[in-house]
Amino acid sequence: MSDDEQQTFEGTDSGASKTFPMQCSALRKNGHVMIKNRPCKIVDMSTSKTGKHGHAKVNLVGIDIFNGKKYEDICPSTHNMDVPHVKRTDYQFLSLNDDGFISLMLDNGEVKEDIQMQDGELTKQIKEKEEAGDQFIVTVLEAVGEEAVVGLKEMNKK
């Protein structure tokens, strides 16, 4: 490469995968797994015995961690399934905009405003607490490039 050539990169990331493989038999209840390309929390799991010519099968029932839908899958116990990297973070609540976007304060003092709330019970609770002037913390789950607010808790009063 000569000195006058310059490479430009439009955008980069770490190149890390959003999931990692895990053997079906190693999955556990209350763990996470990808079912039908959705990150799910395992709520029920059972293993069937090996047949005359086959493998033991694992029956998985999972609930999508973002929208609450129920998914089921059957996988041979020796095969691998994708497990999402799930990150749970607490942020201080600042405000909820009219268009449904929530403003949160990060630990370093910066403001995060890229999460949209879905209509539901949690959104109603947040609106009620905001109108009452309460200060509280919201819990955000992040997996496979999606983020959603999944809970809230009171701030410690000093």
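Predicted model: local features only at pLDDT ≥ 70, side-chain atom pairs only at ≥ 80, totals over all residues.

Student: Let's start with Asp99. Is Asp99 buried, partly exposed or exposed?
Tutor: Asp99 has a relative accessible area of 47%. Buried means under 20% and exposed means over 50%, so a value in between has its own name. Asp99 is therefore partly exposed.

Student: How far apart are the C-alpha atoms of Asp99 and Gln116?
Tutor: Along the chain, Asp99 and Gln116 are 17 residues apart.

Student: Let's step back to the whole protein. Which elements does the protein have, and in what order do they run?
Tutor: There are 11 strands and one helix in the protein. Reading from the N terminus on, the order is β-β-β-β-β-β-β-β-β-α-β-β.

Student: What percentage of the residues is buried?
Tutor: The protein has 158 residues. To count as buried, a residue needs a relative accessible area under 20%. The buried share is 31%.

Student: What share of the contacts between residues at least 6 apart in sequence joins residues at least 24 apart?
Tutor: Begin with the contacts in the protein between residues at least 6 apart in sequence. Among these, pick out the ones that join residues at least 24 apart. Their share is 48%.

Student: Now for the rings. How is the aromatic pair of Phe93 and Phe136 arranged?
Tutor: The count of aromatic pairs comes to one. The ring centres of Phe93 and Phe136 are 4.5 Å apart, and their planes meet at 15°. Planes under 30 degrees apart count as stacked, so the pair of Phe93 and Phe136 is stacked.

Student: Which strands does this pair link?
Tutor: Phe93 and Phe136 are 43 residues apart, so to speak in distant parts of the chain. Both of these residues are buried. Phe93 sits in S7 (residues 87-96) and Phe136 in S10 (residues 136-143), which makes the linked strands S7 and S10.

Student: What about cysteines: how many disulfides are there?
Tutor: A disulfide is a covalent bond between the sulfur atoms of two cysteines. Cys40 is buried, with a relative accessible area of 0%, and Cys75 is buried too, at 7%. Even so, the count of disulfides comes to zero.

Student: Which strand supplies the largest share of the lining of the largest pocket?
Tutor: The largest pocket has a volume of about 340 Å³, and 17 residues line it. At least two lining residues come from each of S9 (111-116), H1 (121-132) and S11 (146-154). The largest share is five residues, and it comes from S11.

Student: How do the lining residues divide into nonpolar, polar and charged?
Tutor: Phe66, Gln116, Gln118, Ala148 and Val149 are the lining residues nearest the centre of the pocket. Over the lining of the largest pocket, the division is eight nonpolar, four polar and five charged.

Student: Next, Met22. Which residues does Met22 contact, leaving aside its neighbours within four places in sequence?
Tutor: Met22 is found in S1 (residues 19-23) and is partly exposed, at 27% relative accessible area. Its C-alpha atom is 5.5 Å from that of Met81, although Met22 and Met81 are 59 residues apart along the chain. The contacts of Met22 are Leu27, His79, Asn80, Met81 and Val83.

Student: Is Ser77 buried or exposed?
Tutor: Ser77 has its place in the loop between S5 (70-76) and S6 (80-84). Its contacts beyond its neighbours in sequence include Gln23, Cys24 and Val58. The relative accessible area of Ser77 is 13%, and the cut-off is 20%, so Ser77 is buried.

Student: One last thing: what is phi of Lys36 near?
Tutor: Lys36 is found in the loop between S2 (32-35) and S3 (38-48), and Lys36 is exposed, at 57% relative accessible area. Its phi is a positive value in a residue other than glycine. Phi of Lys36 is near 50°.

How values were computed. Residues numbered from 1 in each chain as written. Heavy atoms only, no water. Helix = DSSP H or I, 4+ residues; strand = E, 2+ residues; numbered from the N terminus. Buried < 20%, exposed > 50% of the residue type's maximum accessible area, 1.4 Å probe, protein only. Contact = heavy atoms within 4.5 Å. 1 Å grid on protein atoms, 1.4 Å probe; cavity = no way out; pocket = protein on both sides within 12 Å on 5 of 7 lines; lining within 4 Å. Points joined across faces, edges and corners; volume = space filled by probe spheres on them. Nonpolar A, V, L, I, M, F, W, Y, C, P; charged D, E, K, R; others polar. Phe/Tyr/Trp six-rings, centres within 6.5 Å; stacked < 30°, edge-to-face > 60°. Disulfide = S-S within 2.5 Å.
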